[in-house]
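Please consult the sequence and the model while reading.

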Amino acid sequence: MSFKKINGSLGVLALIVLWGFHVDYSIGATLELKPKSKIKSKEGSRARGLGDGVAEARLIEIYRMIGSSNIRDALPKAENLVADYPNFQLAQLVYGDLLAARSRPIQSIGDVPPEIAKNGLQNLLDLRAESQLRLSAIKQVPPSEAIPSQFVSLSRRNKHAIAVDTEKARLYLFENTATGTRLLANYYISVGKAGVGKTVEGDQRTPLGVYFITSNLDPKSLKDLYGSGALPVNYPNVLDLRRGKTGSGIWLHGTPSSQFTRAPQATDGCVAVANPDLVRIIRTVEIRTTPVLIGKNLNWVRPDKLASQKKQFSEILQTWTNAKRKGRENELLQFYANDFSAEGKDLKSFSSSLRAELNKTGNKPVSLKDISLIRWTDEAETMVATFGEVLDGEKVGRTVRQYWQHRPGGWKIIYEGLV
């Protein structure tokens, strides 16, 4: 295979990644390497071409060989990788580095003659950044059994959850079961061209906050830009709207057919992952019930460290429920902030509908089921509480979502609505 042929649009720019240092590239349980017996041939690896995380795991195996100065074995593996994933530009770059290393020492990332580098400098810079982010993710694997501290309590209805760490360019997919929440997989991602912290339409930034998947778009209805599908989220959420943020159409989507992955900052505000990874996510998660946490530098903790927060807030919810059960309107309204708003209603308008609701239920006991608590901290402390509300004697009820904020007088409800 000729040098130009394997590099496609990169041409002769496909030189050098990171050689010249030795690192223990142990990849941790969440970034699994497939057994060597399964990647012996191109045919075998092509059969697994749609598997999520496979291409990255093979790339990391090559990195580990390079870190151990095992260039001889790394080269054929890189050749197989680019044959199986010809649109994986970073893999093409690594293959070019290995070819170049046979004739001269590679001193640094992007160690190419200036006259060559200038023809594709931005592409090279993007690939350098992608490479470093992937390596950082391997060296900073979340602690075993840990979860983001924002997931105070996931309910059984949250069968899965997603957390995006924009600083690490990583998406984490969780499974939530009766025995606990465990990390299923994690993937490299791309975010907005202008970074994160979306505030206005068209700013090309990815929003930060707690969101939920709202639908699953048919890939046949999408442009090639979005790859194998798209999962829209509910941006702008309640908090965004209260803060005057604008824009829409924030999706978790795939990549164009010409690119296996995109640069770390390449979207118009969405979160993009490789198509095989997106397929896994789409096949796994449910719409409406799957939370998507998007934050910077997520804090990972063991679930038992969140027990006190869960207990404290569950007690607050129970006190709110007891006031509602007893039909004590004045007592109940003490839980609502003066600047409460929901569906176009301020606190005064809402209190009228609340009074009508209390009269209708006739003080029947109310039970809260499947309580989910997700905390978001920025300039304010916010708790997104989602739960089922069932009147005693009835089999089904309604699903309520409340946004609470910590105010000088304690936690107050700033929004309440049905899901």
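Which side chain meets that of Lys168 in a salt bridge? The partner is Asp165, at 3.7 Å from N to O; a salt bridge is a side-chain nitrogen of Lys or Arg within 4 Å of a carboxyl oxygen of Asp or Glu. Asp165 is buried, with a relative accessible area of 0%; here buried means under 20% relative accessible area, exposed over 50%, and partly exposed in between (1.4 Å probe, protein chains only).

The model is predicted, so local features need pLDDT of at least 70 and side-chain atom pairs count only at pLDDT 80 or more, while totals for chains, interfaces and linings use all residues. Residues are numbered from 1 along each chain as its sequence is written, and side-chain values use heavy atoms, with hydrogens and water left out.

Side chains of opposite charge can pair when their charged atoms come close. A search of the whole structure finds 27 salt bridges. One of them joins Glu286 and Lys159, with 3.3 Å from N to O. Glu286 lies in the loop between helix H9 (275–284) and strand S11 (291–295), and Lys159 in the loop between strand S2 (151–153) and strand S3 (160–165), so the pair ties together parts that are 127 residues apart in sequence. Helices (H or I, at least four residues) and strands (E, at least two) are DSSP runs, numbered from the N terminus. Glu286 is partly exposed at 32% relative accessible area, and Lys159 is partly exposed at 42%.

A further salt bridge is formed by the side chains of Asp378 and Arg243, at 2.8 Å from N to O. This pair links distant parts of the chain, 135 residues apart: Asp378 is in the loop between strand S15 (366–377) and strand S16 (381–391), and Arg243 in the loop between helix H8 (238–242) and strand S8 (251–253). Asp378 is partly exposed at 32% relative accessibility, as is Arg243 at 28%.

H9 is mostly covered, as seven of its ten residues are buried, including Leu278, Ile281 and Ile282. The loop between H9 and S11 also holds Thr290, which is buried at 1% relative accessibility. A polar atom of the Thr290 side chain lies 2.5 Å from the backbone oxygen of Glu286. Beyond its neighbours within four places in sequence, Thr290 is in contact (heavy atoms within 4.5 Å) with residues including His160, Tyr211 and Val285.

Notes:
Polar contact = N/O pair within 3.5 Å; in protein donor to acceptor, adjacent residues only side chain to side chain.
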